[in-house]
Amino acid sequence: MRPAGRSETDSLYFDYPYFPFVRPPELEGEAVRHPVAIVGAGPVGVTAALELARHGIASVVLDDKDTVNDGSRAICISRHSLEILQKLGVDAPFEQKGLGWTQGRTYFRDREIYRFRMPHSDQERYYPMYNLQQQYIEQFLIDKAHASDLIEMRWQSRLTGVSQSDDGAILEVTTPEGDYRLECDYLLAADGGRSRIREALGLSLHGQAYEGRYVIADVRLKSDFPTERRAFFHSKAMPDTTILVHKQPDDIWRIDYQLASGEDPEEAVLEERIREKVELIVRDVMHEQGDWELEWWSLYKAYTLALDDYRHGRVLFIGDSAHLVPIFGVRGLNNGLADAANAGWKLAAVLKGQAPDRLLDSYSPERRGATLDVFANAGKSTRFMTPPTRGHALMRDAALALAYHNDYASGFANPRQVTPYTYAESPLTLADDPAFEAGPIPGAPLINRRLGDDDFLLDHLGSGFNLLHFSEDGRIDAGLEQTLDDLRSRGLDITLQRASRTPGDEKTLVDVDGSLFAGYGARPGSAYLVRPDRHVAARWMVLDPAELTAALTTALGGE
């Protein structure tokens, strides 16, 4: 919602693009079959299209809008998500526009009681978190998609029906110039919490709805306060309300505040009520004296809901169409981007004939497992931010009061920020080598390490599987070289990344300070097999080339 007299796209800081309708070949009577159709051109759907394109797979993306979503919506992008965007070649505008941050503060009765800091060092290319409004997130991704020859964006195209067979799916689409049917081999449902695809297939989300509602308001306010997350409990200005504050680009501040018990949601979103509450927060909670302008607002309720299975035949559900998670801990968008990366590389491997269709069966246990992990952590945060009962509220307030003078109690206020999920129980992941005492375990994402000025390990990864091999000087034995040649001759995409302690040839990654070997717990002869989504499939303290072939077969859903 926007202030009276302004349209949905009349923003104080963002120029909304217009995406015209372009007649597709199906309306001209042409029979076209697409490898992948994606419904939903939000951040998750477009990320999936870009991931498919990275592997050489064409897709068509449909959305019923003619511009990006209005309002800031999802604003926090994690380091892990930036690393996904780096693979897609679209990280630069995010890093340039976004506001990186590493810490946050919690206040109880207007007194700071806890300050958290997320892990960060010079071994990382990106900050742990970036604040950036969703309009920019969508704009940057869509610009990249429009520039790709492998992605067809179809705007003002509304899905009205879907059916599927053993070898594909058929979509019924309504446009300003008529209706048509679209055929595809696979369908990615990225059409949000009110998914038409989910409804058409007779599927439902299951889980829990939490008590309490939050107003989300964007205001323009010039301030020198640093970029960090602030949470306020029982402030004098609004004693019955929990408040969250985030700084965004363009002098836009995101303010989330809880409705008081018994407060009418319909009245709470009236513009005059929004202005009254924001004025109190800006003056008496944030202690800002400058002028402010109201940009946009919405109403939010927390859920932990998910499908029982994210794959249904030729349809894979990604993002909010598969799960709804609370905003606390900034897990919604980041979880969805990981869905897109996971589904994208697996679909590409199947469509290119590198893996059997059963590889897609691993998508649901991996990503639903990640969702359940989010539920466990976000549920704790949600119950802390919005206690569901009087008993929970008393316990929460007691913990906050204890934190005044006791450091051990301050950890209760930890917001439990999002962390990438480890696929340790996945059917694609091999058992760990017990000889390792450090480094990412099988199923975990790679860790980054600095190799030089503006040069990091993750900068060098190929588009498919990667074998990170450690040696003294970058040389590998003839048996491993032959195994890699044999795998490539079978059409498998695997890149050798040679890490060495001393300089080798120009393609060798030199561990200049020992941090790469130490971070991975490696010695000469060690190796990590890494999936296209940067998660470790297997690792060996000493690699036997024959074991590499078996591990890659398993990681591609083979037997």
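Modeller: Welcome! Residues are numbered from 1 along each chain as its sequence is written, and side-chain values use heavy atoms, without hydrogens and water. As the model is predicted, local features need pLDDT of at least 70 and side-chain atom pairs count only at pLDDT 80 or more, while totals for chains, interfaces and linings use all residues.

Colleague: Which strands stand at the edges of the open sheet of five strands?

Modeller: Strands here are DSSP runs of E with at least two residues, helices are runs of H or I with at least four, and both are numbered from the N terminus. Two strands pair if DSSP finds at least two bridges between them. The order is S24-S23-S22-S25-S26, with mixed pairing. Each edge strand has a single partner, so one side is left without a neighbour in the sheet: these are S24 (509–510) and S26 (536–540).

Colleague: Which residue in S23 is the bridge partner of phenylalanine 470?

Modeller: S22 (residues 465–471) and S23 (residues 494–500) pair in the parallel sense over seven bridges. In S23, phenylalanine 470 has as its partner alanine 499.

Colleague: How many residues of strand S1 are buried?

Modeller: Buried means under 20% relative accessible area, exposed over 50%, and partly exposed in between, using a 1.4 Å probe and protein chains only. S1 (residues 33–39) is mostly covered, and of its seven residues the buried ones number five.
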